[in-house]
Amino acid sequence: MQSTPLRPAAPHKQLDLEQLRWFCPLECIPADTTEGIEPIEGIIGQDRALKALKLGVELYSPGYNVFVCGLSGTGKATTIKTILEKIQPRKVTTHDYCYVHNFEDPDRPKLLVFERGSGRRFQADIAEAMQMVLDRIPGQFEEEEVLKKKQALVDEYNRMEAELFTAFEQELEPEGLVLGRVQDGQTLHPEILIKLGEKAVLVSDLPGAVMQNLLKKEDAEKYTEKYREYKRKLQDVFRQGMKLSREYQKKIADHERRVGEFYVGAIFTDLLNDYTDENVQSYLRALIESILENLDQFKVRQEEEVGIPTEYEVNLLLDNSATSCCPVVIETAPTFRNIFGTLERKQDANGFYYTDFTMIKGGSLLQADGGFLVLNAADALTEPGVWKNLQRVLLYRKLEIQSLEMFAQQSGSAMKPEGIDINVKVILIGNNEIYAALSAYERDFKKIFKVKADFDYEMPNTDLAVKQYTALIRKLISDEGMKHFDKRAIAGIVEYGARLVESKKKLTTQFSEIADIVREANYWCEQNSNKYVTDEHVNKAIEETYNRHALYEDKLQEMIDNEVILIDVSGERIGQINGLAVYGGERFSFGKPTRITATVSAGKSGIINIEREANMSGSTHDKGMLILSGFIREQFAQERPMSLTASISFEQSYSGIDGDSASSTEVYALLSALSDVPIRQSIAVTGSINQKGDIQPIGGVNEKIEGFFEVCERRGLTGDQGVIIPKQNVDDLMLRAHIVEAVRSGRFHIWSVARVQEGIELLTGVAAGERDQFGHYPADTIFGMVERRLERLYENAENGGE
């Protein structure tokens, strides 16, 4: 300790009460309760995002799909759905899509496109027409005139065939030959026989007849030669008979086709007149031709009722008949099948899988044709096959439906349905990390997502914003049937919105968290059977929300109470100071003090970061320590180099340290150790510094103050305790009401500083000191004593030690 008197520091004013917390002005709330408030219908606090979203929605050019960024709970999904439903974009015609059998290539089903509502009518018309074919065509072929004409053709064929073979038999007779029929297995076929007396024998039987002396050998040879000659003629006659058969089969088929054409044409005439699209006309003509070519399938009356053959069905892939406006599809399960559709498969009796055009199923991308498809980016990126196929569809604006199995080595089917030209805008909901990664690593990403709509997590805290919050609470009450809030309860909710963003000048736009507090305040109101929700219920809801997540905080506080973790909140100590750290997650975090110490000795190792030496220091903390060294060198090493060994440590820290918010705290501990001036342990400090000694803002200022206050309150408030924060963080203060009250009664204090000099004066009560005309600090100031200590350490080093 110093034996000579030290120059006392000038008094430093603590923060005023109004600087510690923003209280919502009750006059900004337009009614005593939410009963007198109109519910809000629009979107709050997202003007930038709304403009971008409106551009992406209304600009119909390739690639103007939208990527929406923002924190969870800012109302992205709700906003998008509301906006898309309200915006009346340029008239976009929606269509119905049908797949039908391709009679020329069954593995390439044909696509038919209809105006909205016409697809289902076409499906019904085809089904009705085909049922008429099944019901009426058999009867037409049973009419007397049709049968008589067919029988006449059969009779004429039989006559001409008989004449052909009779003429051949007459030619055989003079030669001693006859035409017979020989059974070969289950069939009979014509054969030339040799007449021996009253019998007719095969040419293969002639050697036997010679041996029986029924025929001379010379005659047998003549018969054999004649047989061979007429066998060739028989083949010619047989060919003529086959030709005649084909001719008459064709005549009968032509006759039946004319009958079929008349009746089938009559059935389908209205369809040909009603559906004038070229592709539909082509399909109808192919269907009619297929029926006429397969009349045998239809002309026989079935004993049992049979369904329409599969190849004559219509697969209505997308029916927009009930759609009156631009479709908005929010896909909550963006699997490959759900988005792009699939080819379903069935198993036959033998266990083999098969598919056909009736098993083609559409997905949400097709359902959104002419409108909007909303997807979660993270889900789309993690589902197999989805992202790459989505890129392809958006680049080429064509959807080709396949099953996911086709991307494997063994494809499930050779079927490839005709591609669908689609006009759909995709809106991906994600965060800035996903957007940055896709922009950096996906070559085509910026071609297909040209619009970024960034949802802010905060909005300006204005009188209008307070009124909008009030209207938002009213809407939530109306939607969920809750009790009404009085004016002070509304103010409590608005103040909580400011607390969530740690600012008096901002309010959160993460309305999901606001809605949770509204619901829970209503719950506590109902538990007490009160008529209106009051500020007591709101405070109870907020307190219970914190308590549910406070287990770790309570355990840490218990270790501080039991002095397992060493923290002093009274007295003075050289080189020791209370720093402040924030623990926990993004939403529920808390602050607690941590002891930071500094020691100094002779040597040339410089300032040692113990955490770094132990591999427990993050890069940001390392940077803060280097900045600290730069500040010390600028202040005290302008005439001679520093020759010292100093070490700085976060005591009882075992899990690593990162961040630079304690760099000012570390400077104060080091200045205390160098000057031998003790630091008040009743004060905790937070704030980072730059090399010029300016104090810079930090995060979590409210949690840090509240964490130290709780430790002091448990030990007993003395009126000397308080926290030093950066000046820039004053606007971030939204402290809990009981801390504000403690400051009001003088039991706790909060100061803000802009320079290191201000902070060290508050901590020690000794003036920091300013350089005189010779560039030196007064000896009775903190900086003067540091300067003298460093001079002695340098001289000792130069002289080989003390």
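Is Arg-755 buried, partly exposed or exposed, and what is its relative accessibility? At 27% relative accessibility, Arg-755 counts as partly exposed, because buried means under 20% and exposed over 50%. Please keep in mind that this is a predicted model.

**Salt bridges**

Let us stay with Arg-755 for a moment. Its side chain meets that of Asp-694 in a salt bridge, at 2.8 Å from N to O. The two residues belong to distant parts of the chain, 61 residues apart: Arg-755 sits in the loop between strand S30 (749-753) and helix H24 (756-764), and Asp-694 in the loop between S27 and S28. Asp-694 is partly exposed, with a relative accessible area of 29%.

A search of the whole structure finds 33 salt bridges. Three of them, including the one above, are set out here.

| Salt bridge | N to O distance |
|---|---|
| Asp-568 and Arg-595 | 3.1 Å |
| Lys-692 and Glu-634 | 2.7 Å |
| Arg-755 and Asp-694 | 2.8 Å |

The side chains of Asp-568 and Arg-595 form a salt bridge that links distant parts of the chain, 27 residues apart: Asp-568 is in the loop between helix H18 (551-561) and strand S20 (572-573), while Arg-595 is in strand S22 (residues 589-601). Arg-595 counts as buried, at 12% relative accessibility, whereas Asp-568 is partly exposed, with a relative accessible area of 26%.

Lys-692 and Glu-634 also meet through their side chains. Lys-692 lies in the loop between strand S27 (688-689) and strand S28 (695-696), and Glu-634 lies in helix H20 (residues 619-636), so this pair ties together parts that are 58 residues apart in sequence. Lys-692 is partly exposed, with a relative accessible area of 48%, and Glu-634 counts as partly exposed at 27% relative accessibility.

Glu-634 brings us to its helix, H20. The 18 residues of H20 should span 26 Å at 1.5 Å a residue, and this agrees with its end C-alpha atoms, which are 26 Å apart. Buried residues of H20 include His-621, Met-625, Leu-628, Phe-631, Gln-635 and Phe-636.

How do H20 and H25 lie relative to each other, roughly parallel or roughly perpendicular? The axes of H20 and helix H25 (residues 782-798) come within 10 Å and cross at roughly 90°, and the two helices are therefore roughly perpendicular to each other. On the H20 side, Phe-631, Gln-635 and Phe-636 take part in the contact; they meet Phe-783, Val-786, Glu-787 and Leu-790 in H25.

**Helix H3**

Another helix to find in the structure is H3 (residues 118-140). At 1.5 Å a residue, its 23 residues should span 33 Å, and the end C-alpha atoms are 31 Å apart, which agrees. H3 bends by about 30° at Leu-134, and a proline, Pro-138, follows within four residues. Both Leu-134 and Pro-138 are among the buried residues of H3, as are Phe-122, Ile-126, Met-130 and Val-133. Among the elements that cover the buried residues of H3 are strand S2 (95-100), strand S3 (110-115), helix H4 (144-172) and helix H6 (217-274).

**A loop residue to look for**

Finally, look for Thr-718 in the loop between helix H22 (701-715) and strand S29 (722-726). Thr-718 is partly exposed, with a relative accessible area of 48%. Thr-718 and Ser-570 are 148 residues apart in sequence, and their C-alpha atoms are 8.5 Å apart in space.

Key. Residues are numbered from 1 along each chain as its sequence is written. This is a predicted model: local features need pLDDT of at least 70, side-chain atom pairs count only at pLDDT 80 or more; totals for chains, interfaces and linings use all residues. Side-chain values use heavy atoms; hydrogens and water are left out. The expected span of a helix is 1.5 Å times one less than its number of residues. The bend at a residue is the angle between axes fitted to the seven residues ending there and the seven starting there. Buried means under 20% relative accessible area, exposed over 50%, partly exposed in between (1.4 Å probe, protein chains only). Contact means heavy atoms within 4.5 Å. A salt bridge is a side-chain nitrogen of Lys or Arg within 4 Å of a carboxyl oxygen of Asp or Glu. Axes are lines fitted to C-alpha atoms, for helices over the stretch in contact, and angles run from 0 to 180 degrees between N-to-C directions. Angles under 35 degrees count as roughly parallel, over 145 as roughly antiparallel, 65 to 115 as roughly perpendicular and the rest as oblique.
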